[in-house]
Amino acid sequence: MTRQLACLFLLVAGVALACTEKVTAPGVCPNFCPGDSIAIRDTIFTTIIQRDSSFRGYVPSYAAEAMTAADVPGVLDSRAFFTTDTMIRRVAPKSGDTTTVPITVDSSRVRFVIVHRPKNTTNLRLRLYQLPITADSTSTFASLDPSFTATPVDSLNVNALLALPAIADTHTVRLWDSLWGVQSSDSIRVSSAGHVLQINHLDSTLVVYFKLDTLQAPFIPADSGRRAWGVRVAADSFASVVLGSTESGGNGPLMRRFFHYTIPDTVSATPDSVVHTDRFVGTRFDNFVFTPPTPPLDSNLAVGGVPSARALLRVAMPAYLHDSIDVVRATLILVPVSAVPGVPSDSFRVLARPVLTDLGAKSPLSTSPLLNGSTFIHIGSPDTVHVEITNLVRAWSLDTTMATAFILGQVPEATSYAEIRFYSSRAPAFRPGLRVTYVKRFRFGGP
Amino acid sequence: MTVGRSDGRTAVVIAVLTLLPAVWPSGRLAAQDSQFGIRGLGTPGKWESVRARTTGGAFAPFDAFSPLTDAVLADVRRMSASVTSGASWRTVDAGGAQSSLRATRFPAMVITGPLTSRIVVGGGFTTYLDRSFGVIVHDTINLRGVPQPITDEITSDGAVSDLRIAVAARVHSRLAVGLGLHRMTGSSRVIAKRSFADTANYRTSTARDEVAYGGTGGSASLLFDVTSDIRVAGWFRTDSKLHADVGGRRVAENALPRTFGAGVQWRAGAQATLAGNVMWRNWGAVQSIANAHDTFNWSLGAEIGSPSSPFRFGLRGGQMPFGVGKTPTEVGYSAGLGRQFSGGRGRLDIGLERLQRSGSGLNERVWTVLLGLTVRP
């Protein structure tokens, strides 16, 4: 009996072990496949985009996270600048002293972080100009032009600095990092003129330092030590750099004053002691100006520029896109009015973000990055722009309560002169369209 | 004491095996899958217990635990139950491309018992049509002017089950008749998925649904003992249309075939029994399917040895209802053993079956290990 039970258990175990299913085989169609097949359609909806508009004024240039300095003769000229805060004129020589002594400025350094530059250009130079300390958000290209066309205070050749031997010893690198709050530079290059270049190994940004003497950067007590600096860029071709601004966090322009003061010895006959030290001068304001200025809005869809413009596009989803189909790809088709002029390296990203609710220009945007679609706009290219918004259209297809509208904006906004204009739905021949590839619902239940 | 302990263990095993099909997912309550059923209503199930199946199906009309006929229930003298299970390994050869598949099924269960000395009632389920399959198709289509490699996967997991309530009566010492009412029910979970090689631009499309099937039928059969050793059987069955509903909406209605069959069994002494039968079904009546064929099936089998531990073998042949071009054919060989235990209160049947199916452009070879348990509490 025990043996019989063992056999029985073995059989049961055998059947249980065999309970692994594999019923899928390569199909031999159509003879040995289901009667229906997965059918796919590709349709361009030419009139699906409706009631589209552009609005300007979302981000001004002085609130942007970067500043563009570019110079393309006959096309555009963009110049960055910043002003510093006041600087102390006297210091207490010892802790607890109530008396102060005057400082004497010896030299200064001005720092810029190049977050973006053309890699194929040669002889890329930054020219530093002294600007009136009154420069602010009301300053225009024209009002600052006299200062920018004067003799530059200093000039720095980025390519020449990059070509210099790198100083990579850990001590020096860490010293500069700690002095200037730069993170993770991997090497330093120093020119004979005292210009310094650091390379951030995390994001390949370049940090450049101008070294200025007291003639180049005088300390003027009447101005409370404030200074204003402007930057123009030059190169053999494609002269353009994007500089970090204060809004970007640690990539903003900086100025550091190196000075000394004397501690008078009032007790003994020993000589007075001299203290050498330095101090950051806070950045009060940074901005960039350019010409030609951004043209006013028209009947087309403007995206980018300064202050930034966004386009709101509303989509009239046909009923059958809501059910009976499964969207596998959706592409927004936009026809540019003209190519964006400028330097190729200033190509920018356009992001399509859904609105949570349609309130026109002030529609709140969705915070879900999964639904966004984006593409890059290439400078000088008049080609039709395609933006993949598959996830967004799939979401609309599944959720009929969602607002079927989205906003096109530049990323990051207001950081450069670049603006693209697309034909709107008011231009019937070139209006925006939506190309949808979808799978028709499979007909289950039939043989 | 030893006998008593063994009986206790046996009872536990019986209980486990009896409960197993009850708790098993419904998709497994199916019979034998086949690629020939994909383009039709499905693959017809085999209404046979393990005992009958190991005789090539020849003993089915004479076996009370095969849900083929109702009249044979009149032979049951005690409350009894039987369950059939099988694990299959299938090789599909389509134009030289081979694939190996496997599945485990519980294709039949019968519970029956006498109501009076002359009337026996019974019931259970079996697979009417198996709807479990999966096909993968790799192709390249032109999308937006670019050749795009795609993969389509269409799977169906389920079956049309046949729930039966039958009554059999011995109207004469030599004649038993039976009637059965059938309710076809079941569902299949279906998935159609298309995926693209270009996953950066194209999302996978997946459609899922559940198809519910329904229908009714009736059967009648008789069993006549020509002599004490020779017995003949005849049966007939007709069904309503089989309807398929998706989400409560009727998507298809298909006619089902009438079934006619006859069989003969010869008891050649105390330790040998031979049987054979033929069955015809007019699947061609399924108008909605262009390549449906009427089928004729036959089987021969024998059971040799002591009734408590017989050896069985059989041969079957015939046609399958769905296939492009000529009617697909099926040939099968089977053999198995039976063993009674607990003083005849239980019986364990095991078997091995080999099937070969061939049609235009496709051949299938199937090995099936069968396990059946019958208990008479």
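In chain B, strand 12 (residues 259–267) and strand 13 (residues 272–281) run antiparallel and pair over nine bridges. Strands here, like helices, are DSSP runs numbered from the N terminus (E, at least two residues, for strands; H or I, at least four, for helices), and two strands count as paired if DSSP finds at least two bridges between them. The model is a predicted one, so local features need pLDDT of at least 70 and side-chain atom pairs count only at pLDDT 80 or more, while totals for chains, interfaces and linings use all residues. Residues are numbered from 1 along each chain as its sequence is written, with chains lettered from A and ligands numbered from 1 in the order in which they are written.

Back to that pair in chain B. Strands 12 and 13 of chain B make a hairpin with four residues between them, and Gly269(B) in the turn has a positive phi of about 100°. Across the pair, Phe260(B) sits opposite Trp280(B) of strand 13 of chain B. Strand 13 of chain B also pairs with strand 14 (residues 295–304) of chain B, again in the antiparallel sense, over 10 bridges; here Val278(B) faces Trp298(B) of strand 14.

The two chains meet over 58 residues of chain B and 41 residues of chain A that are in contact, meaning that their C-beta atoms, placed from the backbone, lie within 7 Å. On the chain B side, strand 5 (residues 133–143) gives the largest share, seven residues. That side splits into 33 nonpolar, 15 polar and 10 charged residues, where Ala, Val, Leu, Ile, Met, Phe, Trp, Tyr, Cys and Pro count as nonpolar, Asp, Glu, Lys and Arg as charged, and the others, Gly among them, as polar.

Chain A itself is assigned two domains, domain 1 (41–59 + 307–440) and domain 2 (62–291), with bounds that come from an automatic or database domain assignment. Their centres, taken over C-alpha atoms, are 40 Å apart. Contacts link 13 residues of domain 1 of chain A with 17 residues of domain 2 of chain A, and the domain 1 side of this meeting has seven nonpolar, four polar and two charged residues.

Chain A also has an open sheet of four strands in the order 2-27-21-24, with antiparallel pairing. Strand 2 (40–45) and strand 24 (385–388) of chain A are its edges, each pairing on one side only, and the twist from one strand to the next averages 20°. Strand 21 (residues 325–334) and strand 27 (residues 433–440) of chain A share eight bridges, with Ile325(A) opposite Lys440(A). Helix 5 (residues 390–398) of chain A lies across strands 21, 24 and 27 of chain A, at about 130° to strand 21; axes are lines fitted to C-alpha atoms, for helices over the stretch in contact, and angles run from 0 to 180 degrees between N-to-C directions.

The largest nonpolar core has 136 residues, of which Ala69(A), Phe81(A), Val208(A), Val231(A) and Leu243(A) touch the most other members. Such a core is a set of buried Ala, Val, Leu, Ile, Met, Phe, Trp, Tyr and Cys residues joined through C-beta atoms within 7 Å; a residue is buried if 20 or more other C-beta atoms, placed from the backbone, lie within 10 Å of its own, exposed if 12 or fewer, and partly exposed in between. Strand 13 (residues 206–213) of chain A gives the most to this core, six residues. Both domains of chain A give residues to the core, so it lies between them. Beyond its neighbours within four places in sequence, Val231(A) is in contact with residues including Ala69(A), Phe81(A), Phe112(A) and Leu243(A). Apart from this core lies another, of 33 residues, among them Phe59(B) and Val375(B).

Most residues other than glycine have a negative phi, and most peptide bonds are trans. A cis bond, with omega about 0°, joins Thr291(A) and Pro292(A), and another, with omega about -15°, joins Val411(A) and Pro412(A). Arg51(A) has a positive phi near 50° and is found in strand 3 (residues 49–56) of chain A.
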